[in-house]
Amino acid sequence: MDEILHKRIDDLIKSNDVILFMKGSPQAPQCGFSARVVDVLDDVGVKYASFNILSDAEMRQGVKDYANWPTFPQLYVQGEFIGGCDIVTEMYANGELQALFKQA
Amino acid sequence: MNASQAIETEIERRLRAAMPDARIELRDLTSTADHWQAVVVSAAFEGKTPVARQRAVFAALGEMMHGPIHALTLKTLTPAQARQA
């Protein structure tokens, strides 16, 4: 991957405690899976940054390559890749997500 | 064979190539053959995190994730977890 693009993604992830790479915005998600993770994060009550990958084709591909993960949304907490919609939803259901934010 | 069945067969073929013991349940969520739900049961998931399990599935599906499959809802279970479910 292009070094500048890699650094751009790296900086975003490291400068935000919680960041969601998604389709659309938290106010107007453009995909059901992104919408579900927004709902979960709002319900947990955590503050998070978001990045709309539909607004930037280079970032859309770059973020996929960065995490070696082919789909969106993608959630990062304190620099760590947590997962996509299935994993976040499951962690929410079993309380792991809430515990993660309590530590954070 | 319709498009949905063709994709289903290819998903199963690729998953079995990577995880020969896999039990696979697939659902075409939208009847458009591009939004899938999959339950995959394999001993290969033993000792792996949810992220590592999904990466293994994505790796097995390869370029299918960049073309015919637009969305994939995944449940990855070990045989022991599947018995409890």
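**Around helix α4 of chain A**

The buried residues of α4(A) are covered by elements that include α2 (32–44), β3 (74–77), β4 and α5 (96–103) of chain A, together with α2 (50–61) of chain B. The model described here is a predicted one. Within α4(A), the residues C85(A), I87(A) and V88(A) are buried. Just past the end of α4(A), G95(A) has a positive phi of about 85 degrees.

Chain B takes part in this covering, and the contact between the chains can be taken next. Chain A puts 9 residues into the contact and chain B puts in 11 residues. On the side of chain A that touches chain B, β4 (80–83) and α4 (85–93) each supply at least two residues. The element that gives the most to that side is α4(A), with 3 residues. Sorted by class, the side of chain A that touches chain B holds 4 nonpolar, 3 polar and 2 charged residues.

The strands come next. β1(A) and β3(A) run antiparallel and are joined by 4 bridges; Y76(A) in β3(A) is the bridge partner of I19(A). β3(A) is also joined to β4(A), by 3 bridges, and these two run antiparallel. Here V77(A) has E80(A) of β4(A) as its bridge partner. β3(A) and β4(A) form a hairpin with 2 residues between them, and Q78(A) in the turn has a positive phi of about 45 degrees. From β3(A), Q74(A) and Y76(A) point one way while L75(A) and V77(A) point the other way, and all are buried.

L75(A) leads on to the largest nonpolar core. This core has 23 residues, of which L20(A), F21(A), V37(A), L75(A) and V88(A) touch the most other members. The elements giving two or more residues to this core are α1, β1 (18–22), α2, α3, β3 and α4 of chain A. Leaving aside residues up to four places away in sequence, L75(A) touches L20(A), V37(A), I82(A), G83(A) and V88(A). A second, separate core has 11 residues, including L15(B), A38(B), V40(B) and L72(B).

The axes of α1 (residues 3–15) and α3 (residues 57–67) of chain A come within 10 Å and cross at roughly 75 degrees. Because of that angle, α1(A) is roughly perpendicular to α3(A). L5(A), H6(A) and I9(A) of α1(A) make the contact with E58(A), G62(A), V63(A) and Y66(A) of α3(A). The residues of this contact of α1(A) with α3(A) comprise 4 nonpolar, 2 polar and 1 charged.

Technical notes. Residues numbered from 1 in each chain as written. Chains lettered and ligands numbered in written order. Predicted model: local features only at pLDDT ≥ 70, side-chain atom pairs only at ≥ 80, totals over all residues. Contact = placed C-beta atoms within 7 Å. Nonpolar A, V, L, I, M, F, W, Y, C, P; charged D, E, K, R; others polar. Axes fitted to C-alpha atoms, helices over the stretch in contact; angles between N-to-C directions. Parallel < 35°, antiparallel > 145°, perpendicular 65-115°, else oblique. Buried ≥ 20, exposed ≤ 12 C-beta atoms within 10 Å, placed from the backbone. Core = buried A, V, L, I, M, F, W, Y, C linked by C-beta atoms within 7 Å. Pairing = 2+ DSSP bridges.
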